[in-house]
Structures are given as C-alpha cells and as structure tokens.
Amino acid sequence: MAIHVEQQIFDCIEKQGSFILDAGAGSGKTWTLVQTLNYLIETKSKELKNKNQQIVCITYTNVAKDEIIERTEHNDLVKVRTIHDFLWECIKQFQKELRIKLIELVEEKLVKINVERDAKTRTDTKIYKELSDKKNKYEEAIGRLRTEELKISYENFPRYSEGKLSHDELIIIAEKIFSSYPKIRKIITDLYPIILVDEYQDTQKETIQILLNYLLECEDFIVGFFGDKLQQIYDKGIGEIPSEFGLVLIQKTENYRSSKEVIGLLNKLRSDIEQYQPPQNRRTGRIAFYYFPNPNGFNANDFIQSNLKDKWPIESIENVKVLYLTHRFIAKEKQYEDLLQHYIDVNKRDCLIKNEDNRGWCPFADFLFDLESLVDLYINKRIQQLLRNVFIKIDSFDSKKQLKDLMEQMVQIRETAKIGDIINFTLMNQLLPESDGMKNYDFEDKEKQEFYDQLMKLEYAQFLRLYQVQQENTPFSTKHNTKGDEFDNVLVIIDDSAWRQNYNFNDYFSNNMEKEKRYQRTNNLFYVVCSRAKENLAVVCTSDLASGAKTQIQEWFGEGNYIEGN
C-alpha cells in the first residue's frame, strides 16, 4: 500500500497535477514527503538546474525544517524553509510594492482605531488616550512611509514608522502583494515551480490563499500538501483544503505506530480514513477510560501506582508519558502557576510555552531560555560549546576560572533569586548579550511596562521548572509538545473546567454539535493525543460527564475498559 501511495504522488507530478496527501496518525507522512523530494531530485535535477530553479518545501517549525534538510542530505536543489522565511525571501526584493502594501495595512489599522476611538463617549479615560496615541503613531508612520525612502525590513518587532514589519504582518503583506501583482507571481513560480507544504492543516489561511488563489493559476506550477485535517491543533490553521480547487486527494491508511487496540479506537474517532495495521507492525496493547470526577485531588503518580502499574509493563511514572491537555495542569503539578498566569493575563501565553518562532512579543522569554541552555551546557560539562556561546571574552586561564565561578554562582542563585535578579546578573557579568528585542522593548507602552515590572518580581525557580517541562526533562507534556511524537505508554488527563470555551469533552462525548467549531477542535485534540500511544493508552476524565457521554465512551473503548472511581 505504501508503494502505491508514493506512486500516486509521482504520477500526479508527472501529469503536472497538484495534490493533497491525507495521512492518518502513524502512517509515515514525513517519510512519504522525503520520498517525494528524493524522487524530484532524481528525476528533475537536470531540468531544474538548467532553468536555475529550485523545489521548495515549507515546514511549520524549524525543527521540522532541520529534519527534512538532514533527510534530503542538504541537497541544494531543495529549499526548505518555514513559511515566514520563505515568504520574506519571495517579497523582500520588491521594496516599492512592499512600501505600498505596508501603507495600505497601516491605513486599515488607522481606520479601525478611529472607529473605536470615535465610539468613546468620554475623552478623559485611559483607553481613549491609548487609542489616541496609536492613532498618532499610525499617522506618523503613514507620513514617513509616503515621504521617505525607508527600506522595508522583517524584524522581531513592528515599527511601521521605520519600515519594520514583524511576524504577524508578514503573511498579510505577502497576501496583499501576490493578490495585486501578477508579474511577481510569475517571477516566483518561475523560480520555484514545485512547492510542497508539510503539516498543511496548521498552515494559515492567508498562506493557502497565496498558493491556491494566486500561484496555482500560473503555468507549469505544482503544489503538494502533506498532512491530516484531523490533526489540526493550531486555531489559525486552515484545517481542511477547500475542494473547489480540484486537487487530487491521496490517502495513506496504514498505521506503523500503534497497537491494534489503539488503531481500533482511532478508527472510531474519524470516518474519512480507516487505518489498518501493516505486517511490519505487530504491536498489541491495552486501552482504558477512567472516569474519576475529582480534579483537585488528582495526582498522576498516585493514579499510575494504583491503576496502571499492575496492568502495564512499567516500573514507575518515568515509563509513562503523561499528557495534560492544558499547561495549567502541568503548571499546578510542577509549581509554575504564577508565571504561566502572568502571561495568560495579557493573552500572551504562546510567548512562554511555544517554540522560539512564536515569542516575538516578549524578548525576555527568549533570553531566559537561552540562559538555561547555557546552564545546561555547564552542568553537562559541554565546556567547548559553552565557551562558544557565552558573551564574555575567554582568552586566558583566569578568564576561564572567572567563567567557572560565575556559572557556579548562577547554578546556586537561580533556585532562590527573582527573574529580574537573574537577568541583571547575566547582563552585568556578560554571560549573554542584551538582545535587540530587549533593547527595543517598548517601555512607553503601559501594558508592556506593567508586564515587565511584574515579570521581574517572579521567582526564577518557576521559570526553571517550566524550562524542564519544555525540554522534556519530566514525564509531563501537553498536546502541542507531543504532536508527531510517539510513546510506548500514554496517560491522557482531561478536565473541562481547565480550558474555558476552547474545548468541551462532555459535549464531544455526548455528540453535542451545537458549537460546531468547539466540537471539531475537541475531536482533533482527542485524536492527536490518543494517537501518540504505541502500545498502551489510558484516558482519565476528572470533570463531570453526562450519561450520554458515558455511553459513547463505552462504545469506543469497550464496556470492560470503562472504569468509574472517585
């Protein structure tokens, strides 16, 4: 079956056809993507080189980018980029058009601000002043962009009056450019006649629009999407590619990862793909659902000792991957609730818990992660790499001894010091340089100033515990950390009281589709976490379930695998 799937893709490419590969969990989607790239390298190299063209592979993360570069042996014919890096490479040379579209974007923002400002009945309030300040900044930016030859650049932080756009604006600007300038579309497709997109379901709608509405109409252009619509876990992702574009749908239905018991459950969670266990995968295991409605009294280690240790081939919690579906659970268990809540309060949780590509609003998070990376190098005695990464000049025995003393102090004080103290110690002793983002942090913005002041007062030990979770130094993870991973034994903890309106498992298990988007989001999340298990899977629900929900769970897991407790 696997060979058949790859051949379908190859045939599609030879016919100049664009396609979607829908690959269920554990089916080897990345392997197929790499095989497709290798096929193109083997069959199209001469033609592409003669025309000075390249194949593009767009990935969602830098980790995925590095993996594909490695698996295609760093072949120069393949340009592997994250979507932001690729789009910027495409449009950065078109400075005139960039300036026009940046002005257009700022004008749109100005209109919204004016409407919001004019709707206020009082002019002496804090919010009215903030809106007025933004209005003045936008007007200043528009004036400078129109009258000065500013070079438009892509930076960590937007400064429109200096021609700087950031992560959030880049895709919007790119979509505006590709929609308005057919010549630019032609230039890009002549350079990159084949674009493959990894994890298409999490790709933003604007990016899909660029590829399908504008580039696909160009002659001799092919786009291929690799992913699974049921594994969409980021809200900004498109999820499913619209059928109106007529792309060839190819499905990959084998599951090389999971036991037959887990595969049986996964097939009940979706109707579009029915997976089977190929001969290479002979795993067996157990699945079970535990209904223990007591979130405040739940402890993962105690649960494993009492309920799983005699059923699974495990010795301790270290042999089980515990998936909490929200960081709040882990923060409570690992004691960094105040730090997480501080970021949640300003709606910037992603700056703390996602990868470095999503931390632009808060440069201090990047700084702290970099600092702990230095400490890791010291603790693990990777001295040569440490010497290359510290900012302080190391050119003598005395300077090496000084560094050793500083690192020893850092190891000691980070258990008791405040975040502000640690940052000051690091900068004062030149362990790390002050980043551009820190230098340019907008302290004139009152929200950012207040956020900074409170962050500096928090215990650094909370960040240290978060860092250990993010680096997989504990058995705890969330669904975002584990997407694409696999583990022998998986314990999933769900609690509807922990995530406000984003998910609702009681409604999901009850087949209540009144809030369709929430239902689908919950379905996707449940599929992703359950499909991480290679052998054994246990799900624990600590919030209330209706009778209809319990009935559905028993149908999926089997009556004998449904256990109630307290």
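**A serine and other buried positions**

Modeller: Ser258 is found in the loop between strand S8 (248–252) and helix H10 (260–268); helices (H or I, at least four residues) and strands (E, at least two) are DSSP runs, numbered from the N terminus. This is a predicted model, in which local features need pLDDT of at least 70 and side-chain atom pairs count only at pLDDT 80 or more, while totals for chains, interfaces and linings use all residues. Residues are numbered from 1 along each chain as its sequence is written, and side-chain values use heavy atoms, with hydrogens and water left out.

With a relative accessible area of 0%, Ser258 is buried (under 20% relative accessible area; exposed is over 50%, partly exposed in between; 1.4 Å probe, protein chains only). Its side chain reaches the backbone oxygen of Ala533 at 2.8 Å. Leaving aside neighbours within four places in sequence, Ser258 is in contact (heavy atoms within 4.5 Å) with Ile263, Gln277, Asn281, Arg283, Ser531, Ala533 and Lys534.

Gln201 counts as buried because its relative accessibility is 0%, and its side chain reaches the backbone nitrogen of Asp228 at 2.9 Å.

Strand S10 (residues 321–324) also holds buried residues: Lys321 and Leu323 point one way, Val322 and Tyr324 the other way. S10 runs parallel to strand S12 (residues 487–494), joined by 4 bridges; two strands pair if DSSP finds at least two bridges between them. Within S12, Leu491 is the bridge partner of Val322.

Technical notes: Polar contact = N/O pair within 3.5 Å; in protein donor to acceptor, adjacent residues only side chain to side chain.
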